[in-house]
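Here's a quick briefing to read with the structure open beside you. Take a look at the picture first, then work through the topics one by one.

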Amino acid sequence: VYTASATIEQVEPWLDQHRAGPFFLFVLLLEPHSPYNPPPDHDLFKSDAYPDQLDTGYDLKSGHLKRLAMLGDTRAIERLVQLYDGKIHYVDYYVGRLLQQLEKLGLMNHTIVALTSDHGELLYSHPRDFLTFDHRSLYDPVMHVPLIITGPSVPKGRVVNGLASNVDSAPTLLDLAGLPPMPGAQGDSLASLIQGKKRQLHDYIYGEEDVMVPLRSVRTLHYKLIRNLWDGTTRLFNLDRDPEERYDVAGLEPDVARELNARLEDWMHANQPSPEEQLKRWRLFAQRDKEVITDDQTIGGRLLLIGGPWQSNESPGCSNYGGGCFWAEGGTGSQGAVWRSDNPLIGTYLVSVYYGHPPLPRLATDAPFGVVTDTGSKTVRVDFNSAPGQWHELGTFVNPRAVTLNNAANGIILVDAVKFERIE
């Protein structure tokens, strides 16, 4: 995997070799991306929020800032955002170096350059219902990506507020280059918006997400509707009054929800494969790995903590999986955890839980672990005092979606590790 510096070092001689004729160059810079680990000379946005802490990986030590952020530490979140900004600064430097190379070769005046992204990052903007730092959702921090274009037919300084989608990128570049559109392309050229000939091209744009939870969305300039394909629920956000997408107004504006649901249904019918074909395709991914372990060391990649306050135990000698676990006092069930796999698990799986023996009093003897499948859920009670430091089988399940735990228990609950092991 190339870093930005290594990628641009590959690109510069290629440009030199191909400058004499027409060319198309696609440059993928994997940063900014988690872990948020900019080189020291790009870590420029420090404050008094953990200035010496870094985010370099996904284990207990290298991902410690994300672990603190899961516990609700706002200073840890502040530092992670600073590090993310530092990584943007790092990429910006190498984008600048690429543009300098185009200038040096005399190519800028007759080359179209477009900068965009496949996704943004949540960065803890929706911690209550989605996975913390990552990009596994259809909220705007993930979906609203930049599209910055420069070239001989592009007005300088114009900001376009019309709706656009990544499927429009290729038609736009072809149009600006004076080339015909691709046969069958779904997207539309944005050239008329860029050149000020139109103010709006799309009335609706659509989104889809199939990592962790399958979601679909449709949005207009003023509203976004997100549907969960597993449970059929929808959420509607009024983007004019609630740009951070905090408040579901589907019940308050049923006509809007009804209209957008109908639009989404039409789009899904026209674009999605049949359920049988989807299952066939997912099975190819689900059967790549014999075993998937989802634990607290993924620091928010697969594990979601619900409610608060949570506590952390980092005692390697206590047999915690990977050296750490989270814990909460027994209560009403308002606190809990959800473990999920990156991709749908298709087939029969043996599901097991792991816990250590941290020095905590009154460990629960009836911790309610739930295994959720596509046909329902089953609760299995676990005694945290029995045989710590081992895997404990919850049973075999077909197409498991998630493992849950809540604090409706007679003592402290431990959030440690979960294992999904395919057995067929």
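What follows covers a helix and its packing partner, a sheet, and one lysine.

This is a predicted model, where local features need pLDDT of at least 70, side-chain atom pairs count only at pLDDT 80 or more, and totals for chains, interfaces and linings use all residues. Residues are numbered from 1 along each chain as its sequence is written, and side-chain values use heavy atoms, with hydrogens and water left out. Helices (H or I, at least four residues) and strands (E, at least two) are DSSP runs, numbered from the N terminus.

**Helix 1**
- Helix 1 runs over residues 4-18, so 15 residues, and spans 21 Å from its first C-alpha to its last, close to the expected 21 Å (1.5 Å times one less than its number of residues).
- Ala4, Ser5, Thr7, Ile8, Val11, Glu12 and Leu15 of helix 1 are buried (under 20% relative accessible area, with a 1.4 Å probe and protein chains only).
- An α-helix has 3.6 residues a turn, so residues three or four places apart point the same way.

**Packing against helix 3**
- The buried residues of helix 1 pack against helix 3 (74-104).
- The axes of the two helices come within 10 Å and cross at roughly 5° (axes are lines fitted to C-alpha atoms over the stretch in contact, and angles run from 0 to 180 degrees between N-to-C directions).
- That makes helix 1 roughly parallel to helix 3 (angles under 35 degrees).
- Contact (heavy atoms within 4.5 Å) involves residues including Ile8 and Leu15 of helix 1, and Tyr94 and Leu98 of helix 3.

- Four strands form an open sheet in the order 7-18-12-15, with antiparallel pairing (two strands pair if DSSP finds at least two bridges between them).
- Strand 7 (291-295) and strand 15 (390-398) are at the edges with a single partner strand each, so one side of each has no neighbour in the sheet.
- From one strand to the next, the twist averages 20°.
- Strand 7 pairs with strand 18 (residues 417-422) over five bridges, and aspartate 295 stands opposite alanine 417.

**Lysine 46**
- Look for lysine 46 in the loop between helix 1 and helix 2 (64-70).
- Beyond its neighbours within four places in sequence, lysine 46 contacts Pro51, Arg79 and Gln82.

Notes:
Buried means under 20% relative accessible area, exposed over 50%, partly exposed in between (1.4 Å probe, protein chains only). Angles under 35 degrees count as roughly parallel, over 145 as roughly antiparallel, 65 to 115 as roughly perpendicular and the rest as oblique.
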